[in-house]
Amino acid sequence: MVQNISVPDIGDFDSVEIIEVLVKVGDQINIDDPIVTLESDKSSVEVPSPISGRITELNIKIGDKVSKGSLLAKLENELPDIEKEVKKNNSVVEEKALETIDSEKIITIKNIKKVFVQPSSKDDTDPLETKEWIESLNAVIENDGSARASYLLNKVVSEAYSAGLVLPDTRTTPYINTIPTELEVKSPGDQNIEKKIRAYIRWNAAAMVVKANKISSELGGHIGTFASAATLYDVGMNHFWRAKNKDFGGDLIYFQGHSAPGMYARAFLEGRLSEKQLNRFRQEVDSGGLSSYPHPWLMPKFWQFPTVSMGLGPIMGIYQARFLKYLINRGLLKDEGRKVWVFLGDGETDEPESLGAISLAAREKLDNLIFVVNCNLQRLDGPVRGNGKIIQELEGNFRGAGWNVLKVIWGSYWDPLLKADKTGLLMKRMNEVVDGEYQAMKAKGGAYVREKFFGKYPELKKLVSSMTDNDIWKLNRGGHDPHKVYAAYHAAMQHKGSPTVVIAKTVKGYGMGKSGESINTTHQQKKLDEQDLLYYRDRFNVPLTDEQVKNIEYYKPPENSEEIKYLKERRKQLGGFIPERSSLSKPIKAPPKDIFESFMKSTGEKEMSTTMALVRMLTNLLRDENVAPRLVPIIPDEARTFGMEGFFRKIGIYAHEGQKYEPEDSEQLSSYKETKSGQVLEEGITEAGAMSSWIAAATAYTNHDIEMIPVYIFYSMFGFQRVGDFAWAAGDAQARGFLIGATAGRTTLAGEGLQHQDGHSHILASMIPNCVSYDPTFSYEMAVIFREGLRRMHEKNENVFYYITAMNENYSHPEKPEGADEGILKGMYLFKEYKNKGKIKIQLMGSGTILREAIAAAKILSEEYGVDSDIWSITSFNELRKNGMETERKNLLNPSNKKEKSYIEKCLEKRDGPIIAVTDYVRAFSDQIRPYTDKPFYSLGTDGFGRSDTRKNLRKFFEVDKEHIVAYTLSALAKEQLLGSDSAEKAFKKYNIDKKKVFPTKL
Ligand SMILES: Cc1ncc(C[n+]2csc(CCOP(=O)(O)OP(=O)(O)O)c2C)c(N)n1
Ligand SMILES: [Mg+2]
């Protein structure tokens, strides 16, 4: 039966042009195969076939204008596909419904039995009644289990709300461990050996820092952070973290930046780092040193994640876990139950990035994510929350966001005391003491704790009356107790349906004694004198003689010692060493040139923006079988701004639960389609989140051994300026992918004004050594650059990433000049020459949309003033500068050799006249190449705050329109004594240029 295929609902558009016909008569096509590509003045979108069959008739051709309902083609099929499709869709809906119910099934928790009798207080007007309620609850728990008890409590609470009761805040639980002692899963490890190993690691980490500072106190380093976190890491290393190997993808661990010394110290015992290397901690200039913090750029075989800029690790970890699920849901990776562990400091949680994305983690049910917050109660200067309790605050935040929270506050030595606390008074005291006091208690010793902590209530004082001060001092914190930490990690590993945060209480500078245990200056402590070192050795029983301690020797037991054998065996069982960075990904073959061919031709009269050209390019790339599955379009809620809404339907928006609703615009061609296997990462309004996604995708080649091609498109003003530190970290992590700064340039975004108009993102991009950046004007430039980016990054696996600006100004695009490719990539090529009169010549340079003003100015200069120009399209001032710097350096190093020419010099050597460079960016952008040419150099740019107006007026305001270019060029020629000044003066008058106008940076 023959069926008609017509243009579906295309939203507000009418009479849009067909720019591609993707089928021909006789083609057998499937449902959703694209038939034509339509292009409005803002975006291009493919029209998919609603049915499958054979094309029998095509009713349109390229250039036709169509609207909703226009007939596109006729198609013959045997079965009534639409009916089949309806059926299929229905069954999908049913399946989804089932899935939903299944995933939301109530998970019955283990029998938790821990209900405290509250101490009688003034609020308790009837303690007997209270007791009865609590006994009833205990009876239910005892007889019917915790699920029933929870149900009843929920019911009672709901009733209370219905009755209008104001209930107490339930964000937090008491200040005790979440897992009751009786439910703790016991560690199978040999605690004696583990304790020794931990002691050696502690010692070596501290010794390494102290040694470096003997060489020079400039080197710095940190002892206190790792001292507080050693147990948290060791338990993970000995029992939980599975390394990447041929059978398993590996868990991903984001180490807290300042704990790096501990990781080196462990790697030393494992035999992965030598003593010589430890001795080169923070001395990296000659190769072989160890970086201060986790820096994959500097130690590419060791570190995976740059975390030391606080806040970046946590959010990058969240999006890493999300991206892992994305790869699995898209069928690109096996689900092996891999986990992402993120370690952060309690002070670090002040960073908005640390907690800013925790709700996403819960919303997306990232049960592959485990945060460990090392709550040593201190940051750099002092307490994190002296007057409050960081652990409780964090618990509230994470619980509120929907995380599984496991508090590890008290160590095993507290267990008997808590057990003996029949009235709950101890717990009450634990709740009421603030962190500032807790910190002081660990700094001041057992007697102080007896007095200040237990002494507040006579009952509590009595509770510890049989304990010595030393016993009291030994009452440990949960984060230093391997049993408690093990139990929490075990529970975190088992937990399903939401991310877990382990909030562990520790002591900063644990074991450092007077030199730095729990004192405000601990963070900066990097030197230990002889007495401090001897104390540290004794504290952890490190088998070194006094002499060895004085020499600050490392301690490494022999290879056949039980400690080394144990440690290696544990790692063997867990698949290998951690951290370790490697890549087994296969390169992606760059697509054939013909995918980009259409962009090399002139668009004729047709106008479009470079953003549209890029989106079209991506659409074409989605037809390349190698590239298509690996593309990861990332957008922070601006797809429609950039004309990318066509992607929604075509490749779907990633949504881990699929789409549970029928979208309002389901009839439309660009309807909002969310799907579990969706390819687009529609991030919502979070540039930090989008950038974290991009970094995860851009480093998938090492973290997941699969090369991905992330393309993150954003308002250029909200790029490097907003998330510059992430971009820097991306460079460190050796990210490979595209950042597209759309609506770039100070004057292209006319109406949006000061906060939106970007005149400096390229300057910021230029500061990142491995960022390659371009400011193209024409679609063929964009195509040449993008293709080369694919080739360099994803086929040749160069560790660079691309920043390309794209504009939203529509104009027609010329054909690519013959042989321009090399220049486009190196940063400049001759776009056009004026050779009319041949007397006076200028070198006119422009980039981005302002190149077009330069082209227009060149025409006026030639026709009206007899000034000829060579017009250079500068695709990258940044790349030219790099080449200029490098060449200059080489020449300076080799004064006796023949001078080598930079690429700029080569281009300009046979060309006359001063240079006039004009861009939509601050002058510093074009000024970058000033030192690398002998010619007089004048730059025009858009220095100053942007503001709202038309493009024409803005260009006039910033003096980068064709009129200003003409007038300033004539003036420059006068200054160079190549022309009388009268021409310039006339031009200033003719164009009404107000010489009294204040310099735009002051306006
Ligand atoms: C973005 C950023 N700001 C400031 C610093 C400097 N800094 C390094 S560590 C530190 C204190 C860290 O405290 P916390 O997070 O509690 O970690 P701890 O060392 O106590 O485990 C500060 C302020 C940094 N590394 N990154
Ligand atoms: Mg801290």
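Which residues gather in a patch of negative charge on the surface? The legends below take up this question together with other close-up views.

This is a predicted model, in which local features need pLDDT of at least 70 and side-chain atom pairs count only at pLDDT 80 or more, while totals for chains, interfaces and linings use all residues. Residues are numbered from 1 along each chain as its sequence is written, chains are lettered from A and ligands numbered from 1 in the order in which they are written, and side-chain values use heavy atoms, with hydrogens and water left out.

**View 1. A surface patch of negative charge.** The patch gathers E275, D529, E530, E547 and E553. Patches are made of residues with over 30% relative accessible area (Shrake-Rupley method, 1.4 Å probe) and no salt bridge, with like charges joined within 9 Å. E547 is found in helix α20, residues 546-550, where helices are DSSP runs of H or I with at least four residues and strands are runs of E with at least two.

**View 2. The magnesium ion (ligand 2)**. D346 (OD), N376 (OD1) and Q378 (O) coordinate the ion at 2.0 to 2.1 Å, donors being N, O and S atoms within 2.8 Å of the metal (3.2 Å for Na, K and Ca). Because D346 lies in the loop between β10 (340-345) and α9 (352-356), and N376 in the loop between β11 (369-375) and α11 (390-401), the pair ties together parts that are 30 residues apart in sequence.

**View 3. A salt bridge between E580 and R272**. The two side chains meet at 4.0 Å, N to O, in one of the 63 salt bridges that the structure holds; a salt bridge is a side-chain nitrogen of Lys or Arg within 4 Å of a carboxyl oxygen of Asp or Glu. E580 lies in the loop between α21 (562-573) and α22 (594-597) and R272 in the loop between α6 (260-269) and α7 (275-278), so the pair ties together parts that are 308 residues apart in sequence.

**View 4. The open sheet β5-β4-β2-β7.** Its four strands pair in the antiparallel sense, pairing being assigned if DSSP finds at least two bridges between two strands. The edge strands, β5 (44-48) and β7 (65-66), each pair on one side only. Strand β2 (residues 16-21) is joined to β4 (residues 34-39) by four bridges, and V21 has V36 in β4 as its bridge partner.

**View 5. The open sheet β1-β8-β6-β3.** This sheet of four strands also has antiparallel pairing, with β1 (2-6) and β3 (28-29) as edge strands. Five bridges pair β1 with β8 (residues 71-76), and N4 stands opposite K74 in β8.

View 6. A cis peptide bond with omega of about -5° joins I578 and P579, and P579 is found in the loop between α21 and α22. S518, in the loop between β13 (500-505) and α19 (530-540), has a positive phi near 60°.

Note on methods. Patches are made of residues with over 30% relative accessible area and no salt bridge: like charges are joined within 9 Å, nonpolar side chains (Val, Leu, Ile, Met, Phe, Trp, Tyr) within 5 Å. Lys and Arg count as positive and Asp and Glu as negative; His and the chain ends are not counted. The place of a charge is taken as NZ of Lys, CZ of Arg, CG of Asp or CD of Glu.
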